[in-house]
Amino acid sequence: MPTTVLSGFTHNFLGKAPVWYKQAILLFLIANPIVMYVLGPGVAGWLLIGEFIFTLAMALKCYPLLPGGLLAVEALLIGLTTPDAVYLEVLTNFPVILLLMFMVAGIYFMKELLLVTFTQILVGVRSKSALSLLFCSAAAVLSAFLDALTVTAVIISVAVGFYSVYHKVASGKGYQHSDHNANSDEEVIELHREDLENFRAFLRSLLMHGAVGTALGGVTTMVGEPQNLLIAKVVGWDFIGFFLSMAPVSLPVLVGGLVTCWALEKLRWFGYGGRLPKPVRRVLEEFAENERNKRTKADQAALWVQAAAAAVLVIGLAFHLAEVGLIGLLVIILVTSFTGITDEHQIGKAFQESLPFTSLLVVFFAVVAVIHEQHLFKPIIDYVLSLPESEQPGMFFIANGLLSMISDNVFVATVYISEVKQALDAGAISVEHFRDLAVSINTGTNLPSVATPNGQAAFLFLLTSAIAPLVRLSYGRMVWMALPYTLVMGGIGLYFVVYHI
């Protein structure tokens with residue numbers, strides 16, 4: 001315990017994070033102004049990106065909002081960016097903020113329906129390869145018409161439900177035990193520890209297959225990812241036009257991704273192939289049976305309301321009747337109104353998962369503002385545009401992919417499509433070549449960006465969600481498990497961009 005006020009400050013700084021981690025963050029904060037003064041804002045900007053990636057990689061040591069936020073505040077203080085630039089980035093991405101605030105909370109109120117549905121799938125499909133393929137393909141189809149973050153929120157909600165059910169039993173408690181800490185294994189009975197570890201491996205693989213599925217489907221349509229809609233508006237594509245333009249690249253990649261999913265489960269490489277232990281399956285089957293038996297008429301009515309809300313959600317998102325976040329708010333209003341959830345504190349619980357990540361995303365946009373203000377990517381863009389026209393689509397794909405691995409793919413796509421549009425307006429490239437480059441930019445930002453959690457908001461959301469520490473899904477493990485998908489999706493995507501567009 002601290003014995004002086006000074007030691008109290010030291011103890012409180014970043015809470016329970018390891019001492020070496022606290023020292024590293026302090027070193028970053030001291031070094032940045034010095035680097036800015038000695039080497040200039042360009043070097044300081046790239047250093048800041050590396051430091052922010054470090055905080056993401058150490059997400060299980062300390063939630064990245066805190067150290068990342070300190071770095072972002074310092075970037076503002078030393079002039080790497082301005083409050084107005086950060087505000088503009090946030091404003092540009094406001095639909096994503098709305099989505100996180102309300103859609104994730106909306107999914108929370110549908111968790112009973114999701115748990116019932118996916119429990120039946122889990123206990124009904126006994127082949128792990130078939131189950132993984134089902135998760136990956138379902139995530140791909142849903143992401144093509146909804147959006148990756150919504151689909152990821154569904155998968156996370158389901159995984160948390162499964163894990164909580166078994167963890168209670170493994171700790172010697174009943175399904176309905178409310179006062180239980182799933183983050184601690186102290187009460188887990190020794191007999192169940194091996195099964196719990198195997199169950200974690202099983203859930204990790206399903207989560208990663210599902211997350212990759214959102215990227216496979218998200219690239220195919222103009223509503224699949226935020227940057228798709230932006231690119232479609234700039235080029236002038238409608239829904240069908242966008243799909244047909246991307247199809248020569250997106251569909252072969254989809255097939256390759258699904259084959260990779262099946263192969264990884266069969267070969268048990270890269271951390272995949274974990275099977276559902278028989279004792280866990282029995283617990284989940286008993287849980288499903290117990291839930292069916294004790295379900296009252298009011299519970300059944302609530303499930304029907306959630307199903308109706310799910311239909312409204314799908315229709316609203318598929319036809320883009322309103323911004324995604326507003327549709328999420330509609331779901332919250334409908335489900336709570338017709339299922340008797342009227343207590344403010346009960347409703348507040350739904351926002352506990354989404355708002356910390358929303359805050360983290362705003363910090364992330366501050367780092368993106370640094371990239372924008374310091375023009376860190378401009379030399380790469382200028383170099384690619386200086387290449388012969390025939391080489392540009394492939395190089396744009398590679399450059400977009402590499403930059404999306406360390407930055408936000410929405411930002412990268414925004415910068416690149418605006419630069420290419422300027423080249424078109426200046427008469428430097430033809431309309432046909434402009435469309436080819438748009439395909440390259442869209443696929444380049446969507447496919448190789450699965451390599452790291454930085455690249456896609458859905459992956460970052462998964463890393464910082466409640467399920468990640470429960471199943472031991474760290475930054476490094478995500479990168480390792482995503483590697484085969486990165487190679488396959490990136491390789492196939494590059495081949496078809498170069499030779500078939």
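## Salt bridges, a helix pair and a nonpolar patch

Lys-128, Glu-265 and Arg-275 are tied together in a network of salt bridges. Keep in mind that you're looking at a predicted model. Searching the whole structure turns up 5 salt bridges, and a few of them are picked out below.

**The network**

- Arg-275 pairs with Glu-265 in a salt bridge, with 3.6 Å between the closest N and O atoms.
- These two partners link distant parts of the chain, 10 residues apart: Arg-275 sits in the loop between helix 12 and helix 13, while Glu-265 belongs to helix 12.
- Is Glu-265 buried or exposed? Glu-265 counts as buried, because its relative accessibility is 0% and the cut-off for buried is under 20%.
- Arg-275 is partly exposed, with a relative accessible area of 32%.

- In general, side chains of opposite charge can pair when their charged atoms come close.
- Arg-126 and Glu-285 form a salt bridge, and their closest N and O atoms are 3.2 Å apart.
- Here the partners are 159 residues apart: look for Arg-126 in the loop between helix 7 (111–124) and helix 8, and for Glu-285 in helix 13 (residues 278–294).
- Arg-126 is exposed at 57% relative accessible area, whereas Glu-285 is partly exposed at 29%.

**A bridge inside one helix**

- Lys-421 and Asp-425 meet through their side chains in a salt bridge, at 3.0 Å from N to O.
- Both lie in helix 20 (residues 409–425), and because they are 4 residues apart there, about one helical turn separates them.
- Lys-421 is partly exposed, with a relative accessible area of 26%, but Asp-425 counts as exposed at 58%.

**Two helices side by side**

- At what angle do the axes of helix 8 and helix 12 cross? The axes of helix 8 (residues 128–145) and helix 12 (residues 239–267) cross at roughly 165 degrees and come within 10 Å.
- So helix 8 is roughly antiparallel to helix 12.
- The crossing of helix 8 past helix 12 is right-handed.

**The nonpolar patch**

- Leu-26, Ile-30, Ile-34, Tyr-37, Val-38, Leu-39 and Val-43 make a nonpolar surface patch of about 770 Å².
- Which helix gives the most to the nonpolar patch? That's helix 2 (residues 19–39), with 6 residues.
- Tyr-37 is found in helix 2, and Tyr-37 counts as exposed because its relative accessibility is 74%.

Definitions and conventions: Residues numbered from 1 in each chain as written. Predicted model: local features only at pLDDT ≥ 70, side-chain atom pairs only at ≥ 80, totals over all residues. Heavy atoms only, no water. Patch = residues over 30% accessible without salt bridge, like charges linked within 9 Å, V, L, I, M, F, W, Y side chains within 5 Å. Areas by Shrake-Rupley, 256 points an atom, 1.4 Å probe, with all protein chains shown as cover. Salt bridge = Lys/Arg side-chain N within 4 Å of Asp/Glu carboxyl O. Buried < 20%, exposed > 50% of the residue type's maximum accessible area, 1.4 Å probe, protein only. Axes fitted to C-alpha atoms, helices over the stretch in contact; angles between N-to-C directions. Parallel < 35°, antiparallel > 145°, perpendicular 65-115°, else oblique. Left-handed = near helix turned anticlockwise from the far one by under 90°.
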